[in-house]
Amino acid sequence: MSGFGRPGSDHSQCGAMTAASPVLAFQALELARQALWLSNPNPRVGCILCAPAGRILGQGHTQQAGGPHAEVMALRDAAARGHDVRGATAYVTLEPCSHHGRTGPCCDALIQAGIARVVASIADPNPLVSGRGFERLRAAGVQVEVGAGAAGSRELNIGFFSRMVRQTPWVRLKVAASLDGTTALDNGASQWITSEAARTDGHAWRARACAVLTGIGTVLEDDPQLDVRLVQAPRQPHAVLVDSRLELPLTARLLRPGRKLLVYAAVADAAKRAALEARGATVILLPGPGGKVDLPAMLRDLARREVNELHVEAGHKLNGSLVREGLVDEFLVYLAPKLLGPGRGMAALAPLGELSKAVPLQFTSTEAVGPDLRILARIPGRDAF
């Protein structure tokens, strides 16, 4: 992860001032992708500064939370190259922010630098921004155009949009299974159904999430770490555990020093809670029906804690609960070319009496990963917010 993404050179042409360049909008989106594992909980944003004569002056992408945003990185890049950006166009994949958060307003930085025109992919869904950045730019005499690369920017930031609009994270449920849908044998054995290539790819998906969630059953059986180890990542996602009765052993690997762990429980066991919190965990009581954790309330709480994408790696019971309650947005499924026969399935769902009651899915991508097949399947309409 470099500080400046540079798909073009000093002499790259970026088109005339009179028309937005689809090429530059695409290149800005490629810059934004460089923030995929870095910028959480901030959105992934890219910015390219283009001179009226058609030369790229500077470019950059959002850094870690508390660090510079894409626009500031592009301005710094231009300064490092010795370029004057007055009168330039800024291609940016999200509306420049207008509020003071961890950093100052990006729209003010562009105005002060003398940027004449901003071509933004999409408005920021954050209520603190949501058009105010555009208003401030226009009030300062900056020409503003919106729409180039909107679909790509929104998809790249689907979790950020979900948190801002729905007040819940985007929930992606990951499953590794045999071709006949078995995720573990009846005795719980599941390591490893899929290949090392699939496991490495799965860690890349962990790395883009704000948090990784599992259930106490998985912890008691496998003692997972839920961290990113198989790919290099600049930050670790938080660990989230659904543990209704606070059964987490104090020796569990999730209780590693320096790792943020959120434990959601339904039973107020003061002694165990104190012991877990002494080990660095944060325990949140959210009792729901039947002595279980209130899962919808948990998602709302995670959103308040700035979780954009929630990556689920749980057992069939918790998977089933999430699916039954309509809380899953997308499935990330790795299928191994093998048959395991009866065992544990992807999600513990009640038998259906008719096919029309099936949970509908829409394949959004399929790709070979080593000997396995990776499928992304989305519940239709879940991204309509």
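**Note on buried helix faces, annotated sites and salt bridges**

1. Glu247 counts as partly exposed because its relative accessibility is 32%, where buried means under 20% relative accessible area, exposed over 50% and partly exposed in between (1.4 Å probe, protein chains only). Glu247 pairs with Arg245 in a salt bridge whose closest N and O atoms are 3.4 Å apart, a salt bridge being a side-chain nitrogen of Lys or Arg within 4 Å of a carboxyl oxygen of Asp or Glu.

2. The model is predicted, so local features need pLDDT of at least 70 and side-chain atom pairs count only at pLDDT 80 or more, whereas totals for chains, interfaces and linings use all residues. Residues are numbered from 1 along each chain as its sequence is written, and side-chain values use heavy atoms, with hydrogens and water left out.

3. Across the whole structure, the search finds 25 salt bridges. One of them joins the side chains of Glu309 and Arg44, at 2.9 Å from N to O. Glu309 belongs to strand S11 and Arg44 to the loop between helix H1 (22-33) and S1, so this pair ties together parts that are 265 residues apart in sequence; helices (H or I, at least four residues) and strands (E, at least two) are DSSP runs numbered from the N terminus. Both Glu309 and Arg44 are buried, and both also take part in a salt-bridge network with Glu155, Arg172, Arg208, Glu330, Arg378 and Asp383.

4. Arg344 and Glu221 meet through their side chains in a further salt bridge, at 3.0 Å from N to O. Because Arg344 lies in the loop between strand S12 (330-336) and strand S13 (362-369) while Glu221 lies in helix H8, the pair ties together parts that are 123 residues apart in sequence. Glu221 is partly exposed, its relative accessible area being 44%.

5. An unreviewed UniProt entry places the feature "binding site" at Ser190, Arg206, Leu226, Arg229 and Glu313; the positions are given in the numbering used here, feature names are shortened, and such annotations may be inferred rather than shown by experiment. Leu226 is found in the loop between helix H8 (216-222) and strand S8 (238-242), and counts as buried because its relative accessibility is 3%. Leaving aside residues up to four places away in sequence, Leu226 touches Arg206, Val212, Thr214, Pro237, Leu254 and Arg259, contact meaning heavy atoms within 4.5 Å.

6. Glu313, another position in that UniProt record, sits in the loop between strand S11 (309-312) and helix H11 (316-324). Glu313 counts as buried because its relative accessibility is 13%. With residues up to four places away in sequence again not counted, Glu313 touches Lys174, Arg206, Leu213 and Thr214.

7. In helix H4 (residues 132-139), the buried residues are Gly133, Phe134 and Leu137. They lie on the same side of H4 because they cover an arc of only 100° around the axis, the arc being that of the directions from the helix axis to the C-beta atoms. The face turned away from this buried side carries the exposed residues Glu135 and Ala139. Packing of the buried H4 residues is against helix H3 (106-113), strand S4 (117-120) and strand S5 (143-146), and just after H4, Gly141 takes a positive phi of about 90°.

8. In helix H2 (residues 70-80), Ala70, Glu71, Met73, Ala74, Leu75, Asp77 and Ala78 are buried. These buried residues pack against strand S1 (46-50), strand S2 (56-61), strand S3 (89-92) and H3. Just after H2, Gly82 adopts a positive phi of about 80°.
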